[in-house]
Amino acid sequence: MSLKELHKETTFKDVTVAYTEKAFVCPVCGLEAGTVETAGAVQCAIADSYREKVGLLTSREIKSLREAKGLTQQQLADAMNVGIASIKRWETGLVQSKSMDQALRIALQCNTQADNYTGNRKMNLPRIKLVALTLERKLGRRLLKAGDKFLFLAKYLWYADMLAFRHLGKGLTGASYAALPFGPQLNNYRDLVKPIKDANENDVEPLSHDELRIIDNVAKRFPNDEDVYNASHQEEIWKQLPTGALIPYSRAEELTGI
């Protein structure tokens, strides 16, 4: 049997992908055989082909970008508030979610434009939950509800983040927000709902006095879900953007609802 490079196609997560595989092939019967190492390489090749097709960073891109910034795997994990095991898995073939891909891009390709969509912070899921729970206490009702898709919570978070950016030069959570048909919403919210609910709010430092004051202002301005929903739909910075576009924090000065 001789080692050959084979070009194949397969279906991964309902997407047809092409990949290259190295295998030992019998010249007589065409039987293919591999090793533990080649099997692992095949899995990574399929995952990376899928990531390229759906617009996610590949394992090679994650590693090369990390090394270009001079970061160890642990330093990247610390910057993203994830475990080092996640970084190792993403660099060896495990496909990251869209929300984690966004967090990777912010950490690895950080620039002024990225800061403008994250409020000069790195996205922090435990901090998002901490702000959400603080809003709950101020409002006296639940916002993190079972089965909820953050229709109202996202708008409270958006106003709190934008107001903090306007007054403190930095948002509260590092979240980015998209202009969607039902108003401002957490970007890639479908991938974020469960991770936010599962996050431990005690993993981050307490909110500062100024940050608590801003959350208190938002809660007082919008005592009911309908108030924050209706106000967000009157904001020109949401109306003027095409569906799916990210809302820049630099336009926080243009808010009229608060």
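This report describes the fold, the salt bridges, a helix packing, a strand pair and some backbone features of one predicted protein model.

In this predicted model, local features need pLDDT of at least 70 and side-chain atom pairs count only at pLDDT 80 or more, while totals for chains, interfaces and linings use all residues. Residues are numbered from 1 along each chain as its sequence is written, and side-chain values use heavy atoms, with hydrogens and water left out.

## Overall fold

The secondary structure of the protein chain comes to 12 helices and five strands, where helices (H or I, at least four residues) and strands (E, at least two) are DSSP runs numbered from the N terminus. Along the principal axes, the C-alpha atoms of the chain fill a box of roughly 80 × 35 × 35 Å. Of the 258 residues of the chain, 47% count as buried; buried stands for under 20% relative accessible area, exposed for over 50%, and partly exposed for values in between, with a 1.4 Å probe and protein chains only. Among contacts (heavy atoms within 4.5 Å) between residues at least 6 apart in sequence, 67% join residues at least 24 apart.

## Salt bridges

The structure holds 16 salt bridges, each defined as a side-chain nitrogen of Lys or Arg within 4 Å of a carboxyl oxygen of Asp or Glu. Three of these pairs are set out below with the distance between nitrogen and oxygen.

| Arginine 60 | Glutamate 52 | 3.3 Å |

Arginine 105 and aspartate 101 both belong to helix α5 (residues 98-108), where they are four residues apart, about one turn of the helix. Within this pair, arginine 105 is partly exposed at 28% relative accessibility, whereas aspartate 101 is buried, with a relative accessible area of 3%.

Lysine 129 lies in helix α7 (residues 125-139) and glutamate 201 in the loop between α9 (189-198) and α10 (209-221), so the pair ties together parts that are 72 residues apart in sequence. Lysine 129 is buried, at a relative accessible area of 12%, while glutamate 201 counts as partly exposed at 21% relative accessibility.

Salt bridges that share partners also join Asp48, Arg51, Glu52 and Arg60 into one network.

## Packing of α8 against α11

Two packed helices are described by the angle between their axes and the distance between the axes. Helix α8 (residues 153-168) packs against helix α11 (residues 225-232) at an angle of about 65 degrees, with the axes 9 Å apart; the axes are lines fitted to C-alpha atoms, for helices over the stretch in contact, and angles run from 0 to 180 degrees between N-to-C directions. The crossing of α8 and α11 is left-handed, a term for the near helix being turned anticlockwise from the far one by less than a right angle.

On the α8 side the contact involves Lys155, Tyr156, Trp158 and Tyr159, which meet Asp225, Val228, Tyr229, Ala231 and Ser232 of α11. By class, this contact of α8 with α11 has six nonpolar, one polar and two charged residues, with Ala, Val, Leu, Ile, Met, Phe, Trp, Tyr, Cys and Pro counted as nonpolar, Asp, Glu, Lys and Arg as charged, and the others, Gly among them, as polar.

Tyrosine 156 also has a computed separation from threonine 72: the two are 84 residues apart in sequence and 36 Å apart in space, C-alpha to C-alpha. Threonine 72 is in the loop between α2 (59-68) and α3 (73-80) and is partly exposed at 41% relative accessibility.

## The β4–β5 hairpin

Strands β4 (residues 177-180) and β5 (residues 183-186) run antiparallel and are joined by four bridges, where pairing requires that DSSP finds at least two bridges between two strands. A hairpin through two residues joins β4 to β5, and leucine 180 has glycine 183 in β5 as its bridge partner.

## Positive phi values

Phenylalanine 150, although not a glycine, has a positive phi of about 65 degrees. Phenylalanine 150 is found in the loop between α7 and α8 and is buried at 0% relative accessibility.

Asparagine 188, likewise a residue other than glycine, has a positive phi near 60 degrees. Asparagine 188 is found in the loop between β5 and α9 and counts as partly exposed at 26% relative accessibility.
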